[in-house]
Amino acid sequence: MAATENRKRLIFSFLRLLSEDCNEIKSDEVKESLEVAMQCLGEVYDVQVFDEQQANRLGVSFDLQRVFNEAAAACPKGPAGQARAEPQVTKARDAQCNAEAQVLKERGNDLLRKGEFEQAVEMYTQAISIDGRNAIYYGNRAAAYMKLQQHERAVDDCMAAIAVDPSYIKAHSRLGNAYDALGRKSDAANAFRKAVELDPSCQGNRDSLDAVMADLAAQGGAPAGAAGGMAGGMGGGMAGLDFASMMSDPNFMSMASNLMNTPGFANMAASMMGGAAGGAPGAPAGSAPPGAGGFMQTAQRLAEQMQQTNPDLMEQVRSQMGPSNPPGGDGNSGNDNMGGSAL
């Protein structure tokens, strides 16, 4: 079973809690049953509580039982009819918890600026244990994990932050940086593209997206350098399209694949490739491949044919490629590259 790093950390803490109970059980039969259950759970999640390497990677500094007890005390009890916390008491407790979590976050920020990354992680973890509904705490801990080269954990925290607040721009940009560090270029491009969509004015996120697209092009992915030239050289309805983004968009690629399967179109495309290379259709196999200019001409012709074949779908793709309006006044913008001043 493929589990996230945070899920494994939770299972590891739970198994450690069970192992403590196991040591206190007097009945050999009950103890053996619990040990079998722990073994099965560990195999499912690939977690071994007595593995020293996993203990260093998955262990947490807080007690799982204590965290549950505090959460249970703060939540209304059971089904309707049982005792529930008074609203005034709950609000006062929430305000106090939020204030404590904010203090811990600020301590974490100071430690991060000083380069004390492990201690910063600890502060953010404590803040999250008090208030797990604040996306910034996850985002800041992700920044600290990036400094520690723990990129998988950074990905988990960015995803948690986005789950809490999908409009949190820094979580998307940090997710892009974490994916990039892991070599997951396509995922990084999607994350940076979302950050740019949320805040088109941030040049840092645009630069990061361009850099990742260039890496993809070097690996044989989308031709990043062709995006501006092809879009600028096309007239009419094809102007302004971001071809680097389009070629990594599944809707566009599906449309292109369907078009290539249209009877006669594949031959036309091959003919245009031959013409772009400076040769006639049916040129010898050893002839030189098309240069940059020939490639752009061919891509332009293909795009124009797609526009003529299915203008409605092309209009839909064009609208999807366009940036959305930036959110107003939330102070949530910019590409910080995990710098301390941007927390």
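In this predicted model, side-chain atom pairs count only at pLDDT 80 or more and local features need pLDDT of at least 70, while totals for chains, interfaces and linings use all residues. Residues are numbered from 1 along each chain as its sequence is written, and side-chain values use heavy atoms, with hydrogens and water left out.

D46, whose phi is positive, near 55°, follows helix α2; helices here are DSSP runs of H or I with at least four residues, strands are runs of E with at least two, and both are numbered from the N terminus. The protein has 17 helices and zero strands.

**The protein as a whole**

- Of the 343 residues, 36% count as buried, where buried means under 20% relative accessible area, exposed over 50%, and partly exposed in between (1.4 Å probe, protein chains only).
- The accessible surface amounts to about 18600 Å², and 52% of this belongs to carbon and sulfur atoms; the areas come from the Shrake-Rupley method with a 1.4 Å probe, and for residues only the protein chains shown count as cover.
- Among contacts with a separation of 6 or more, 61% are between residues 24 or more positions apart, a contact being heavy atoms within 4.5 Å.

- Helix α2 covers residues 28-45, and its 18 residues reach 26 Å from the first C-alpha to the last, close to the 26 Å expected at 1.5 Å a residue; the expected span is 1.5 Å times one less than the number of residues.
- The buried residues of α2 are L34, M38, G42 and Y45. They lie on the same side of α2 because they cover an arc of only 75° around the axis, the arc being that of the directions from the helix axis to the C-beta atoms.
- Exposed residues D28, E29, E32 and E43 are carried by the face of α2 turned away from its buried side.
- The cover over the buried residues of α2 includes α1 (5-24).
- The axes of α1 and α2 are 10 Å apart, and the two helices pack at an angle of about 170°; axes are lines fitted to C-alpha atoms, for helices over the stretch in contact, and angles run from 0 to 180 degrees between N-to-C directions.
- α1 and α2 are therefore roughly antiparallel to each other, a term for angles over 145 degrees, whereas those under 35 count as roughly parallel, 65 to 115 as roughly perpendicular and the rest as oblique.
- On the α1 side, the residues that meet α2 include I11, F14, L15 and L18; on the α2 side, those that meet α1 include L34, M38, G42 and Y45.

**Helix α11**

- Helix α11 (residues 203-218) has 16 residues and reaches 22 Å between its first and last C-alpha, close to the expected 22 Å.
- N205, S208, L209, V212, M213 and L216 are the buried residues of α11. They cover an arc of only 135° around the axis, which puts them on the same side of α11.

- K105 lies in helix α5 (residues 87-113) and counts as buried at 11% relative accessibility.
- Not counting residues up to four places away in sequence, K105 touches Y124, A127, I136, Y137 and N140.
- C158 belongs to helix α8 (residues 151-164) and is buried, with a relative accessible area of 0%.
- Neighbours within four places in sequence aside, C158 is in contact with A142, A171, R174 and L175.
- C158 and Y138 are 20 residues apart in sequence, and their C-alpha atoms are 6.5 Å apart in space.
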